[in-house]
Amino acid sequence: MMPDMLSSSLQIAAPELILAIGAMILLMIGVFMGEKSAQTITGLSVAVIIIAALWLILVTPLGVGFGGSFVLDPFARFMKILVLIGSAAAVIMSVGFAESERFNRFEFPVLVLLSTTGMMMMVSAGDMIALYLGLELQSLAIYVLAAINRDSVRSTEAGLKYFVLGALSSGMLLYGASMVYGFTGHIEFTQIAAVAAESGRSVGLIVGLVFVLAGLAFKISAVPFHMWTPDVYEGAPTPITAFLAGAPKIAAMALLTRFTVQGFEPLSDQWQQVIVFISIASMAFGAFAAIGQHNIKRLMAYSSIAHMGYALVGLAAANTEGVRGVLIYMTVYLMMTLGTFAVILAMRRRDGMVEEIDDLSGLSQTNPMMALFLTVMMLSLAGLPPLAGFIGKYFVFMAAVHAGLWPLAIIGVLASVVGLFYYLRIVKTMWFDEPAEAFVPMAIELRAVLWVTGLVVFPVYIFVSGPIFAAAEAAAKTFF
Amino acid sequence: MYTIIVLLPLAGFLIAGLFGKSIGAKACEYTLSGFMVVAAILSWIAFLSFGYGEGETLRVPLLHWMQSGTLDVAWSLRIDRLTLVMLVVVNTVSTLVHVYSIGYMHHDPHRPRFFAYLSLFTFAMLMLVTSNNLVQMFFGWEGVGLASYLLIGFWYKKPTANAAAMKAFVVNRVGDFGFALGIFGVFALFGSVNFDTIFAGAADVAAQLGGGHEAAAAGAGAAAHGAGDVVLNFAGYGLTMGSALTVVCLLLFMGAMGKSAQLGLHTWLPDAMEGPTPVSALIHAATMVTAGVFMLARMSPLFELSPSALTFVTFIGATTAFFAATIGLVQNDIKRVIAYSTCSQLGYMFVALGVGAYGPAIFHLFTHAFFKALLFLGAGSVIHAVSDEQDMRRMGGLRTHIPKTYWMMVIGTLALTGFPFTAGYYSKDAIIEAAFVGHNSFALYGWGMTVIAAALTSFYSWRLIFMTFHGKPRASADVMHHIHESPLVMLVPLYVLAAGALFAGIVFEHSFIGEGYDEFWHAALYTGAENHVLHDMHEISFWIAILPTLCMVIGFVVAYMFYIRQPSLAKETAKRNRGLYQFLLNKWYFDELYDFLFVKPSQHLGRFLWKTGDGKVIDGLGPDGVSARVLDVTGRVVRLQSGYLYHYAFAMLIGVAALVTWMMLGGAS
């Protein structure tokens with residue numbers, strides 16, 4: 001590789017480098033300073049993420065580096081910004097939790113940084129190797145994170161489950177990748193697409209495709225590869241659940257989009273069927289299963305399953321409009337998830353964290369502001385106009401309708417009706433039930449996240465929707 | 001002035017309805033009663049100052065209401081003699097009832113609501129009688145129906161009161177349905193709902209029908225059709241003008257039957273006695289129930305054109321007069337006796353209308369308002385005295401305890417039975433005479449029925465007096481101990497009404513039905529060219545004229561025999577004629593018949609539609625069913641989440657295997 005090419009490649013990958021180097025430095029600081037450095041490292045890691053984000057937006061040029069393995073296009077940049085926001089918010093929200101729950105582990109922010117690096121690589125992956133590298137870096141960090149509270153049986157169980165199933169899904173993905181390579185002779189997405197366009201459909205290629213899709217579906221927790229989600233969400237410490245529900249989903253969705261739309265564009269009528277299937281299964285399963293839940297983290301797990309289903313509706317359209325829908329949906333999803341988890345993290349009484357839905361009883365009387373924001377979040381998750389959640393659903397459903405996927409859109413709407421039930425049940429619990437014991441006052445950083453996301457969900461998104469839609473449009477055009 | 005008369009009760013209703021709680025019951029009572037006193041005085045001034053002879057019909061426009069195509073409806077007052085008579089009746093009785101209620105209701109915690117309803121009723125009734133078109137009349141018509149419903153069910157915690165209120169409402173809907181159809185019919189025939197246009201059209205039709213086809217060219221508007229042309233399609237029949245008018249008149253009369261409790265649609269009136277007694281006096285004796293009579297009198301130009309409709313009116317009125325009187329003979333509830341009496345007296349009025357004697361009908365309405373309100377308020381005073389007991393079998397011997405009430409009741413009874421020179425004597429005898437000289441085929445039947453009913457009326461009225469006031473006390477010692485004369489606030493209205501019951505006849509006979517008829521009514525009541533009833537009724541023989549009075553005496557003597565001389569006679573007679581007695585006691589089994597014919601089937605239908613149609617089909621397959629299925633699915637789906645790692649891995653493998661299989665086999669194309 002020529003030096004100038006290397007330097008341009010390094011320029012393109014600068015944000016990832018910042019994150020990786022920052023993670024290592026912070027790790028050293030932590031190792032030498034011990035537990036008491038946790039606060040410092042948390043703050044510094046947020047700073048690193050912000051620097052990386054600024055670098056990404058202001059300095060880094062678009063382009064292809066490392067011989068096609070690493071791609072930074074508008075789509076990647078859009079997704080990376082979302083990932084960085086999600087990671088930064090998750091780290092910020094952990095501050096109060098770390099203090100009150102004696103969860104002073106400096107490894108947490110470091111692992112988040114490493115995982116974020118992996119996600120950034122996933123988003124930018126231009127070939128199968130980079131895809132796998134990014135995926136594994138992200139996943140390994142998260143396995144550890146899920147089990148980080150090693151004194152807790154639930155936490156370790158969650159970590160272990162995630163790890164074992166993750167290994168299984170990685171195996172499938174690798175197997176599928178090898179099949180694809182075997183039948184096309186290429187690992188780069190663009191070249192795979194070229195070969196596929198030439199030779200058309202072959203059984204081996206299809207099998208490989210399905211296996212890779214299965215591996216990626218596992219990461220976005222789409223049905224039937226979702227089984228880990230509720231257990232891990234519930235078992236992992238709440239800040240980690242908040243992290244898990246945000247950034248990794250976005251990265252995996254970005255990867256899935258790039259892999260299907262860029263790598264298998266000629267075979268879109270093939271993978272479309274798979275996407276439609278898992279989309280319907282996810283929406284329906286998420287909606288129905290969430291009704292039976294009493295634990296709000298578990299409920300959010302099913303909720304996120306359903307939301308991945310909705311996002312996949314956009315992907316199933318397999319055109320610019322659909323991908324734009326996915327991008328907008330993921331943006332909105334991130335805001336809603338972060339806001340909701342800010343509330344969940346604030347569900348703390350004097351004797352510790354609580355996470356049952358019943359604990360929210362009468363919140364409107366004990367903490368009206370929190371109840372109001374959570375209500376906005378719930379209604380937005382349910383997709384009621386004029387909240388942002390409705391806009392997200394509107395774009396993906398319209399994309400599906402324009403692409404002729406009527407049944408998919410109708411099923412999606414029906415599923416969201418069912419979904420409305422459990423969101424409204426939370427609202428009802430907060431506003432109409434007898435007040436339970438009040439929570440301790442909300443920590444400042446949670447309040448900040450809640451205010452920002454809450455206002456974005458309604459009504460700020462109306463004012464910023466122009467530039468965001470334009471950015472999403474530009475990002476979606478990358479592939480077509 | 002007329003506007004003030006009409007709007008004062010509305011103002012009272014709004015004050016008591018909106019601010020009743022905040023200004024207190026006492027303030028409400030006095031404000032509203034004060035308003036009514038003003039309105040009553042103003043209506044008497046209007047009545048007396050309205051020019052005799054030259055009195056033209058006044059029209060006072062208030063507001064424009066609606067316009068759609070040729071339908072043009074305005075809020076406006078039509079002031080003529082008929083309206084003024086009604087204004088006087090309504091406002092006088094209403095005022096007295098307001099005042100009386102201050103005393104009668106003073107234990108009740110919901111007095112502001114009661115007074116608000118009373119004023120609402122008065123307003124609606126005034127709208128009804130002052131209306132210048134059928135739609136405004138219908139508004140008033142429904143308004144009094146609503147107020148009646150609210151007041152019958154005033155004690156809403158009493159299930160029987162609620163049932164009675166609903167019954168009154170539902171039965172009235174049947175009549176109102178006919179009335180509404182009648183209004184549509186009138187609009188179809190004359191192209192307008194305004195009285196002026198209708199009456200003008202009716203006059204044209206009269207000319208046509210009288211003069212045959214030659215006069216057709218002179219007709220205007222809808223009446224321009226030839227008498228043989230089809231002008232209205234009803235129930236699949238094309239009707240010519242003559243029969244169309246009959247149909248329309250019968251439909252209008254159907255509305256009147258409902259409101260005025262005529263045979264067939266009368267069942268609600270006795271039950272309406274569940275309401276507070278002042279309400280019975282105001283609504284169910286003096287004013288609302290006479291709305292039907294008023295409406296027919298108002299529409300007299302139309303009814304004059306349809307002899308068949310008038311014949312039917314005579315038949316129904318006569319039958320009702322007789323039928324209600326027979327039931328009144330055996331009832332034991334003091335208010336129900338008076339209620340059936342009201343029903344019977346309304347029958348008299350319809351007989352008069354049916355034979356074309358509109359003057360006597362309205363005259364009887366006028367006098368009846370006084371003595372029937374007197375009887376009801378007197379009954380209220382009795383009930384008040386004996387601790388809310390209404391059964392006459394547990395009264396008796398009250399004469400010495402409440403002498404003032406007793407004498408007032410006697411005056412009312414004298415007037416009702418037509419004792420010479422009391423109010424009822426003039427008006428009732430006039431009706432009976434008019435029926436005797438009437439020309440339609442049921443006029444003689446009407447005469448016979450009303451004469452018999454006169455005897456029956458006398459019997460049951462005196463029976464009421466004797467059972468209540470004479471004989472030995474049958475009430476418990478406790479009740480007798482508490483017995484007391486009513487306060488002055490309740491007695492004064494009785495005195496006023498008693499004065500009316502005694503003198504209203506002698507004072508107004510001349511104007512209402514006598515020599516001053518044309519001068520007094522002017523154009524308010526229309527009589528056809530061939531209608532000479534009023535003239536003829538003054539030329540009947542002495543024996544016919546004296547007959548009603550004889551009947552009254554017979555009724556009195558029989559009642560005296562049964563209840564004073566030989567109290568056992570009544571029971572024996574009842575025992576000997578057991579079948580007849582039961583038949584009368586059960587009100588000719590009308591309620592049972594309706595229950596069987598209409599109420600039960602519709603309840604079954606309703607229950608079927610509710611339980612099966614709505615509950616099982618719509619709810620079961622709709623909301624409930626869907627949500628139950630959702631929960632079923634949820635239960636099953638949640639069970640999938642077993643927590644075992646190998647289940648999860650298995651699910652993933654099954655998923656990927658299924659997808660691969662599908663893609664290789666089916667999804668390929």
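Author: Let us start with one word: a residue is called buried when its relative accessible area is under 20%. By that cut-off, Arg111(B) and Glu29(B) are both buried. Keep in mind that this is a predicted model.

Reader: What makes Arg111(B) and Glu29(B) a salt bridge?

Author: The test asks for a side-chain nitrogen of Lys or Arg within 4 Å of a carboxyl oxygen of Asp or Glu. Here the nitrogen-to-oxygen distance is 3.0 Å, so the pair passes the test. Arg111(B) sits in helix α4 (residues 111-130) of chain B and Glu29(B) in helix α2 (residues 25-49) of that chain, 82 residues apart.

Reader: Why can Arg258(A) and Asp73(A) be said to tie together separate parts of chain A?

Author: Their side chains meet in a salt bridge at 3.0 Å, N to O. Arg258(A) belongs to helix α12 (residues 247-263), while Asp73(A) lies in the loop between β2 (70-72) and α4 (74-100), so the pair ties together parts that are 185 residues apart in sequence. Both Arg258(A) and Asp73(A) are buried.

Reader: How do you know that Arg298(A) and Asp231(A) form a salt bridge?

Author: Their side chains come to 3.2 Å, N to O, and the limit is 4 Å, so this pair qualifies as well. Arg298(A) is in helix α14 of chain A and Asp231(A) in helix α10 of chain A, 67 residues apart. Both are buried. They also belong to a network of salt bridges, whose members include Arg154(A), Glu157(A) and Lys161(A). Over all chains, the structure holds 29 salt bridges.

Reader: How many salt bridges are there between chain A and chain B?

Author: The count between these two chains is 0. On the side of chain A that touches chain B, the largest share, 10 residues, comes from α13(A). That side divides into 26 nonpolar, 6 polar and 4 charged residues.

Reader: How do you know that chain A and chain B are in contact?

Author: Contact asks for heavy atoms within 4.5 Å. By that test, 36 residues of chain A are in contact with 24 residues of chain B. The two chains bury about 2600 Å² between them, with 79% of it on carbon and sulfur atoms. In chain A, Met227(A), Gln273(A) and Phe288(A) lose the most area to chain B, together 22% of what that side buries.

Reader: What makes the span of helix α5 of chain B close to the expected one?

Author: This helix covers residues 134-152, which is 19 residues, and reaches 26 Å from its first C-alpha to its last. At 1.5 Å a residue, 27 Å is expected, so the two values are close.

Reader: Why is Asn133(B) called a cap of that helix?

Author: One of its side-chain oxygens lies 3.1 Å from the backbone nitrogen of Val135(B), at the N-terminal end of α5(B). A polar contact needs N or O atoms within 3.5 Å, so this distance falls inside the limit.

Reader: And what does chain B look like overall?

Author: Chain B has 28 helices and 4 strands. Buried residues make up 57% of its 669 residues. Among its contacts between residues at least 6 apart in sequence, 79% join residues at least 24 apart.

Key
Residues numbered from 1 in each chain as written. Chains lettered and ligands numbered in written order. Predicted model: local features only at pLDDT ≥ 70, side-chain atom pairs only at ≥ 80, totals over all residues. Heavy atoms only, no water. Helix = DSSP H or I, 4+ residues; strand = E, 2+ residues; numbered from the N terminus. Polar contact = N/O pair within 3.5 Å; in protein donor to acceptor, adjacent residues only side chain to side chain. Buried area = accessible area lost by both parts, 1.4 Å probe. Nonpolar A, V, L, I, M, F, W, Y, C, P; charged D, E, K, R; others polar. Buried < 20%, exposed > 50% of the residue type's maximum accessible area, 1.4 Å probe, protein only.
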